[in-house]
Amino acid sequence: MDGARPPAFRHPWPEPPAPGQATEIAEGVLWMRLPLPMALDHVNVYALDDGDGWTVIDTGISSKKTRGLWSDLMAGPLAGKPVARVVVTHHHPDHVGNAGWFQSEHGADLVSSRTAWLFARMLTLDVQENWPEETLEFYRSAGMAPEILARRMSERPFNFADTVYPMPLGFVRIKQGDVIRMAGRDWDVHMGNGHAPEHATFWSRDDNLVISGDQILSSISPNLGVYATEPMADPVSDWLEACERLQRLARPDQVVLPGHKLPFVGLPIRMKQLIENHHGALARLLDDLDAPKAASDCFVTLFKRPIRGGEYGLALVEAVAHLNHLYHTGAVTRARREDGAWVYQRKG
């Protein structure tokens with residue numbers, strides 16, 4: 001209908017770029033996609049034209065296949081112009097995986113929050129050939145199914161170094177409140193938390209672009225997980241605080257470029273959904289804790305569906321995160337079960 005207003009939430013580009021290709025989002029801003037060997041089978045990466053070189057946002061996991069795709073992208077859509085700078089939104093392997101390769105082999109500067117760089121470099125240097133006892137104890141305390149724990153113990157642990165290229169010393173720090181210039185635009189740096197500590201997001205002052213990494217996704221909620229490194233962490237609280245703070249920056253016209261799924265318009269609606277989703281999950285969980293339950297007993301309540309196969313690990317650490325939040329806010333008590341699992345129960 002002529003003059004009809006566009007939907008308040010929409011995907012301006014309904015199809016992702018093909019392998020080796022790029023979609024121009026705005027002048028000097030390219031969207032590309034790299035494959036991942038998991039259920040979430042891709043990561044979005046972006047290239048911003050700085051004139052004499054490119055700034056690349058996020059890098060995919062470290063593998064010969066991914067670096068081959070990067071070589072194709074640099075020769076094709078990036079037109080042979082050098083990648084002078086790599087910005088990583090956060091420390092997870094699908095985002096930081098090839099940062100060290102760009103530094104070592106292409107002379108690029110690495111730009112990162114301090115926490116993201118420290119985590120990434122620490123974890124790549126901490127190679128474990130056998131499961132640390134702390135990790136096994138953490139799994140037991142979460143109530144991991146015995147057959148899944150036994151299967152994990154029979155396999156070599158996952159190491160960051162498996163999918164993150166060696167990272168040389170040296171990076172350029174960004175922090176909350178900074179302004180960074182990319183593609184002829186000034187971008188305000190706002191830090192998220194919860195999915196990853198000190199997760200960088202970028203908000204253009206000169207037009208309506210927002211680069212959100214995994215802090216804000218269009219159709220899935222970022223995983224909020226607790227791990228053996230900090231078993232009493234409360235990433236749900238961190239994430240809700242960040243969402244409520246970033247929500248104040250949201251405008252209906254902004255084009256959001258996320259780390260996964262499709263770019264979208266309708267950020268105020270999406271921020272409201274993301275916040276309400278976790279408040280709803282916490283309310284369902286609290287209502288279900290009339291009898292003691294371990295984290296592994298809470299999947300259907302939290303996710304409203306059965307959890308199978310490769311989803312189990314992420315579901316378990318997210319269940320721990322929500323239970324930790326209820327425990328820290330004083331809504332539940334916890335006690336040790338005979339098998340070593342923590343079980344949680346609603347007060348009163």
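Predicted model: local features only at pLDDT ≥ 70, side-chain atom pairs only at ≥ 80, totals over all residues.
Biologist: Why is Gln254 called buried?

Modeller: The relative accessibility of Gln254 is 3%, and buried means under 20% relative accessible area, so Gln254 counts as buried.

Biologist: Where in the chain does Gln254 lie, and which residues does Gln254 touch beyond those up to four places away in sequence?

Modeller: Gln254 is in the loop between α7 (235–247) and β12 (255–258). Leaving out residues up to four places away in sequence, Gln254 touches Trp203, Asn208, Val210, Leu249, Phe264, Val265, Gly266 and Leu267, where contact means heavy atoms within 4.5 Å.

Biologist: What makes the approach of the Gln254 side chain to the backbone oxygen of Leu249 a polar contact?

Modeller: A polar atom of the Gln254 side chain and the backbone oxygen of Leu249 are 3.3 Å apart, and a polar contact requires a pair of N or O atoms within 3.5 Å, one able to donate a hydrogen and the other to accept it.

Biologist: Which residues of helix α3 are buried, and what do they pack against?

Modeller: In α3, residues 99–106, the buried ones are Ala99, Gly100, Trp101, Phe102 and Gln103, and the buried residues of this helix pack against α1 (64–75), β5 (83–87), α2 (93–96) and β6 (109–112).

Biologist: What follows α3?

Modeller: After α3 comes Gly107, with a positive phi near 70 degrees.

Biologist: Which residues does the "domain: Metallo-beta-lactamase" annotation cover?

Modeller: According to the unreviewed UniProt entry, that annotation covers residues 42–260; the end C-alpha atoms of this span lie 7 Å apart, and the span is 30% helix and 23% strand.

Notes:
Residues numbered from 1 in each chain as written. Heavy atoms only, no water. UniProt positions renumbered as here; feature names shortened; annotations may be inferred. Helix = DSSP H or I, 4+ residues; strand = E, 2+ residues; numbered from the N terminus. Buried < 20%, exposed > 50% of the residue type's maximum accessible area, 1.4 Å probe, protein only.
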